[in-house]
Amino acid sequence: MTELDVEFVRRQFPAFDHPETGQWAFLENAGGAYAPSHVIDKLNHFMVATKVQPYGPSGPSEEAGRAMDLSHERLAAAINADVDEVMFGPSTSINTYVVAQALKERLRTGDEVIVTNQDHEANSGVWRRLADGNNGVIVREWAVDPETGRLDMAGLQRLLNERTRFVAVTHCSNVAGEIHDVAAIARQVHDAGARLAVDGVSYAPHDFPDVHALGVDFYFFSLYKTYGPHQGLMYVRRSVLEGIANQAHIFNADNPRARLTPAGPQHGEIACASGVVDYLEAMDAHHYGDDDTPACRDRVARIMALFHSHETEQAARILALLREKDVRIIGPERADVGKRAPTIAFRSNSVSNADVVARLRADKIACGAGHFYAYRLIEALGIDPNDGVVRLSLVHYNSADEVSRLLNALDDVL
Ligand SMILES: Cc1ncc(COP(=O)(O)O)c(C=O)c1O
């Protein structure tokens with residue numbers, strides 16, 4: 001069986017060669033991941049050679065526009081979307097905000113919207129506010145189990161009815177780490193005649209979605225957490241995009257890329273985003289060879305499955321230690337491929353979050369504590385959101401040695 005060549009992977013990330021940054025075991029990837037040279041080189045090139053208004057009548061300007069188009073094409077291919085179904089905005093929070101404005105105009109008295117209390121606030125507050133202003137829209141909450149922080153699929157079925165218009169759920173919570181069966185949720189939601197929006201921010205670093213296979217209407221993720229620039233990527237099914245209100249300048253109403261992205265595009269960030277796909281393909285070629293040249297989507301799915309199996313192995317080691325300690329683990333207590341991301345949150349019953357973080361920091365292990373914007377989840381768990389949980393979030397480039405370092409420190413402090 002092919003094993004992930006973690007040393008080779010790490011050589012692609014200049015951060016690991018940096019004299020100070022390279023000393024850290026970086027376990028706060030759910031807050032933003034390092035970028036490989038595939039992305040950095042493209043951004044540098046853009047800044048040096050093509051930092052002009054794109055799509056104009058000069059060589060550098062044409063090249064800038066081509067680089068931006070390429071990112072649309074390559075990222076669409078990587079998630080199995082059509083090119084005009086992919087849009088870039090400054091962040092996922094802005095993208096959900098804009099989509100909510102577009103939907104608001106179409107909702108009527110008595111329409112129902114379902115949100116969870118497991119989600120990051122970016123996929124919660126904006127939809128809850130669809131009910132503001134006495135418009136008669138009703139928001140229903142699909143609530144987590146207050147002990148485990150997990151969502152029970154039957155809970156959604158109980159809330160869905162013929163008045164449901166819209167459901168928002170996370171593919172994977174940035175605190176509970178549980179991966180939801182989005183294809184099954186999409187079937188339930190569509191059977192009720194509603195639309196589904198999925199926050200994939202905590203899922204995509206571990207596996208790019210196949211948005212058509214999942215059957216979602218909206219899918220959001222943040223490229224800065226998937227080894228790219230600070231951009232939000234949004235997929236909107238073409239038939240849905242055509243049916244919702246334009247949020248862009250009047251002359252952009254028929255431009256699918258602009259319709260839901262009223263902010264001017266961030267040229268350099270978009271231009272370098274294709275570097276993420278270059279990186280994934282290069283890693284696939286290293287592990288599986290490049291003679292059979294499968295389609296981009298197949299390569300991306302294959303290499304990310306390898307990433308995920310490595311991450312799951314490392315997450316299993318961490319969870320095994322935590323299960324022996326006097327701690328409360330949020331979300332599934334075991335790491336299973338396809339069921340849990342290596343985003344592990346916990347709270348010790350005897351040691352403060354601050355002391356845990358300080359102990360790890362002393363060994364140059366970067367992690368964080370708090371509510372991580374999943375404020376409602378932390379409250380539902382009966383935890384003070386101002387204190388929250390300790391979160392360790394891994395991605396594929398975290399090595400077994402780094403995890404051993406973490407286990408030593410955790411064993412010591414817990
Ligand atoms: C699960 C999840 N959803 C949404 C967001 C918001 O993403 P952005 O920072 O791009 O607005 C985050 C950011 O941390 C997140 O973790």
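Mentor: Happy to, so let's begin with His171 and what surrounds it. Leaving out residues up to four places away in sequence, His171 touches Glu178, Ile179, His180, Val182, Val198, Asp199, Gly200, Tyr203, Leu214 and Tyr219. Keep in mind that this is a predicted model. His171 sits in the loop that runs between β5 (164-170) and α7 (182-191). Its relative accessibility is 4%, and therefore His171 counts as buried; the cut-off for that word is under 20% relative accessible area. Another way to see the fold here is to pick Phe220, which is 49 residues away from His171 along the chain, while the C-alpha atoms of the two are separated by 9.7 Å.

Asn161 is found in the loop between α6 (153-159) and β5. With 17% relative accessibility, Asn161 also counts as buried. Setting aside neighbours within four places in sequence, Asn161 is in contact with Glu112 and Ala192.

Now step back to the whole chain. The domain assignment gives domain 1 (6-35 + 296-413) and domain 2 (43-274). Their C-alpha centres lie 25 Å apart, and the contact takes 39 residues from domain 1 and 39 residues from domain 2.

Next, the nonpolar cores. The largest nonpolar core has 83 residues, and Leu196, Phe208 and Tyr397 are the ones that touch the most other members. Helix α11 gives the most to this core, with nine residues. Each of domain 1 and domain 2 supplies at least three residues to this core.

Helix α11 (residues 267-288) packs against helix α12 (residues 296-324) at an angle of about 70 degrees, with the axes 9 Å apart. The two helices are therefore roughly perpendicular to each other. On the α11 side, the residues that meet α12 are Val277, Tyr279, Leu280, Glu281, Met283, Asp284, Ala285, His287 and Tyr288. On the α12 side, they are Cys296, Arg299, Val300, Arg302, Ile303, Met304, Leu306 and Phe307. Sorted by class, this contact has twelve nonpolar, one polar and four charged residues.

Finally, two backbone details to check by eye. Most residues other than glycine have a negative phi. Tyr55, although not a glycine, has a positive phi of about 65 degrees. Tyr55 is placed in the loop between α2 (37-49) and α3 (59-78), and with a relative accessible area of 45% it is partly exposed. Phe372 is another residue other than glycine with a positive phi, near 55 degrees. Phe372 lies in the loop between β12 (368-370) and α14 (375-380), and at 15% relative accessibility Phe372 counts as buried.

Technical notes: Residues numbered from 1 in each chain as written. Predicted model: local features only at pLDDT ≥ 70, side-chain atom pairs only at ≥ 80, totals over all residues. Heavy atoms only, no water. Axes fitted to C-alpha atoms, helices over the stretch in contact; angles between N-to-C directions. Helix = DSSP H or I, 4+ residues; strand = E, 2+ residues; numbered from the N terminus. Parallel < 35°, antiparallel > 145°, perpendicular 65-115°, else oblique. Contact = heavy atoms within 4.5 Å. Nonpolar A, V, L, I, M, F, W, Y, C, P; charged D, E, K, R; others polar. Core = buried A, V, L, I, M, F, W, Y, C linked by side-chain atoms within 4.5 Å. Buried < 20%, exposed > 50% of the residue type's maximum accessible area, 1.4 Å probe, protein only. Domains from an automatic or database assignment.
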